[in-house]
Amino acid sequence: MKKFAKILLACLVLLLALIAMLLGYSEWIVSDARHYTYDQVDKVPYNRVAVVLGTSKYLSGGGPNHYFKYRIKAAAELYNNAKVDFIIVSGDNATVQYNEPRQMRRALIKAGIPASAIYMDFAGFRTLDSVVRAKEVFGQDRFTVVSQGFHNERAIFIARHFGIDAVGFNAEDPSAYQGIRTRVR
């Protein structure tokens with residue numbers, strides 16, 4: 001029985017080491033995209049189009065979603081500082097009641113962005129979909145991604161994999177308490 005316990009422990013240690021190596025490798029690969037993200041609007045290079053990655057306006061409990069609020073603020077900041085001419089809002093529209101692109105468009109118009117500068121992508125179910133569709137459906141092989149930094153890094157990694165010249169403008173991060181579920185995901 002002692003021999004079995006030792007083998008089981010060795011397998012567990014090996015499995016944990018493998019998981020740690022995979023997580024470290026993925027963090028290293030994706031964090032290379034950090035070089036293409038910006039926190040200050042004046043540092044962001046001009047791109048004709050920004051792609052705002054979708055999220056719900058409200059949390060499941062009904063409260064405001066700060067990820068949404070800060071992405072809208074960042075997209076408006078890009079537009080108002082002439083860093084982009086057009087904005088694609090890309091997200092899920094699973095039901096009539098749940099429509100991320102429509103919610104984002106309304107919020108951007110409320111923030112003063114002209115409706116004629118906003119295009120909606122209703123099939124941005126995942127980051128991969130939003131990034132690839134910006135190229136394949138909307139004809140953009142160069143654009144600025146708008147989301148929080150950790151999300152931008154993943155989106156830029158995906159974009160560069162598909163031959164897209166993308167940079168990211170990092171929207172403000174919600175507080176640690178507000179964003180813990182999303183970060184863990």
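This note goes through the sheet, the helices packed on it, and selected side-chain pairs of the model.

1. Basis. The model is predicted: local features need pLDDT of at least 70, side-chain atom pairs count only at pLDDT 80 or more, and totals for chains, interfaces and linings use all residues. Residues are numbered from 1 along each chain as its sequence is written, and side-chain values use heavy atoms, with hydrogens and water left out.

2. Sheet. Six strands make an open sheet with parallel pairing. The order is β1-β6-β5-β2-β3-β4. Strands (E, at least two residues) and helices (H or I, at least four) are DSSP runs, numbered from the N terminus. Two strands pair if DSSP finds at least two bridges between them.

3. Edges. β1 (37-38) and β4 (118-121) are the edge strands. Each has a single partner strand, so one side of each is left without a neighbour in the sheet.

4. The β2/β5 pair. β2 (residues 49-53) and β5 (residues 142-148) run parallel and are joined by three bridges. V51 stands opposite V145 in β5.

5. Helix α2. Residues 66-80 form α2, which lies across β2, β3 (86-90), β5 and β6 (165-171). α2 runs at about 145° to β5. Axes are lines fitted to C-alpha atoms, for helices over the stretch in contact; angles run from 0 to 180 degrees between N-to-C directions.

6. Helix α4. Residues 127-136 form α4, which lies across β2, β3, β4 and β5. α4 runs at about 165° to β2. T127, D129, S130, V131 and A134 are its buried residues. Buried means under 20% relative accessible area, exposed over 50%, partly exposed in between (1.4 Å probe, protein chains only). These buried residues pack against β2, β3, β4, β5 and α5 (149-161). Contact here means heavy atoms within 4.5 Å.

7. H151. This residue sits in helix α5. H151 counts as buried because its relative accessibility is 8%. H151 touches L53, R71 and T127, not counting residues up to four places away in sequence. With R71 there is also a side-chain to side-chain polar contact at 3.4 Å. A polar contact is a pair of N or O atoms within 3.5 Å; within protein, one must be able to donate a hydrogen and the other to accept it, and residues adjacent in sequence count only if both atoms are side-chain atoms.

8. The structure holds six salt bridges. The criterion is a side-chain nitrogen of Lys or Arg within 4 Å of a carboxyl oxygen of Asp or Glu. D121 and R133 form one, at 2.7 Å from N to O. That pair links distant parts of the chain: D121 is in strand β4, R133 is in helix α4, and they are twelve residues apart. D121 is buried at 1% relative accessibility, whereas R133 is partly exposed at 26%. R126 forms a salt bridge with D129, with the closest N and O atoms 3.0 Å apart. D129 is buried at 17% relative accessibility.

9. The side chains of D165 and R142 meet in a salt bridge of 3.6 Å, N to O. Here too the pair links distant parts of the chain, with D165 in strand β6 and R142 in strand β5, 23 residues apart. D165 is partly exposed at 33% relative accessible area. R142 is partly exposed at 42% relative accessibility. A network of salt bridges links R142, R160 and D165.
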